[in-house]
Amino acid sequence: MKPGESNKLYLLHVLQTMFGAENVVSEHRFHPVRMWRFDYAIPSIKLAFEYQGHSGFIRKGKDGNPVSGHSTIKGLTNDAEKFNQAHIRGWRVIMFTALHFTAKTCAKNKLTHPKETIMQLIAAMQTEREQLTNQ
């Protein structure tokens, strides 16, 4: 299994459990022209999830260590453009990295575990819906 794959599979399992397997789409293309895709999406509510991490290295950096495409200025700029366009189209995009997936690294880095983040998001969306209904 490639680095990061087990985290992505865990995230998929959590999403399918919380939103129903039939509602979760892998590699969902959201833009009419660009080939951008979300790792996982729930299109009916325009909610997307991205895992930013190694899925095998792309190339070696000057120091000989693996470099992810997301860690270069070009990669970061491409990600910014993708997420800006998603937001303009009404999508909420939640991002996770490998550090989000273990209790030890969450505690050390003051991160919220993905399952907890998703539960917080669902609660926030319900509150938002209730506020819109009461207007």
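The side chain of D39 reaches the backbone nitrogen of Y51 at 2.6 Å. This is a polar contact, meaning a pair of N or O atoms within 3.5 Å; within protein, one must be able to donate a hydrogen and the other to accept it, and residues adjacent in sequence count only if both atoms are side-chain atoms. The model is predicted, so local features need pLDDT of at least 70 and side-chain atom pairs count only at pLDDT 80 or more, while totals for chains, interfaces and linings use all residues. Residues are numbered from 1 along each chain as its sequence is written, and side-chain values use heavy atoms, with hydrogens and water left out.

D39 lies in strand β2. Its relative accessibility is 11%, so D39 counts as buried. Buried means under 20% relative accessible area, exposed means over 50%, and partly exposed is in between (1.4 Å probe, protein chains only). Leaving aside neighbours within four places in sequence, D39 is in contact (heavy atoms within 4.5 Å) with K8, V25, S26, E27, F49, E50 and Y51.

**Overall fold**

The protein has four helices and six strands. Helices (H or I, at least four residues) and strands (E, at least two) are DSSP runs, numbered from the N terminus. From the N terminus on, the elements run α-β-β-β-β-β-α-β-α-α. Of the 135 residues, 33% count as buried. Among contacts between residues at least 6 apart in sequence, 53% join residues at least 24 apart.

**Nonpolar cores**

In soluble globular proteins, nonpolar side chains tend to be buried together. A nonpolar core here is a set of buried Ala, Val, Leu, Ile, Met, Phe, Trp, Tyr and Cys residues joined through side-chain atoms within 4.5 Å. The largest such core holds 17 residues. L11, L15, F19, L47, F49 and I118 touch the most other members. At least two residues each come from α1 (5-19), β2 (37-42), β3 (47-52), β6 (92-97) and α4 (114-133). The largest share, five residues, comes from α1. Another core lies apart from this one; it has seven residues, among them W36, A41, A86 and W91.

F19 belongs to the largest core. Beyond its neighbours within four places in sequence, F19 is in contact with V24, I42, I45, L47, F49, I118 and I122.

**Helix α4**

α4 has 20 residues, which at 1.5 Å a residue should span 28 Å; its end C-alpha atoms are 28 Å apart, which agrees. The expected span is 1.5 Å times one less than the number of residues. P114, T117, I118, L121 and M125 are buried in α4. They cover an arc of only 95 degrees around the axis, which puts them on the same side of α4. That arc is taken from the directions from the helix axis to the C-beta atoms. What covers these buried residues includes α1, β3 and β6. The face turned away from the buried side carries the exposed residues E130, Q131 and T133.

**Aromatic pairs**

Rings of Phe, Tyr and Trp (its six-membered ring) pair if their centres lie within 6.5 Å; planes under 30 degrees apart count as stacked, over 60 as edge-to-face and the rest as tilted. The count comes to seven aromatic pairs. Two stacked pairs involving F30 are listed here.

| Pair | Centre to centre | Angle between planes |
|---|---|---|
| F30 and W36 | 6.0 Å | 10 degrees |
| F30 and F38 | 4.2 Å | 10 degrees |

Both F30 and W36 are buried. F38 is buried too. Ring pairs also link Y10, Y51, F96 and F101 into a cluster.
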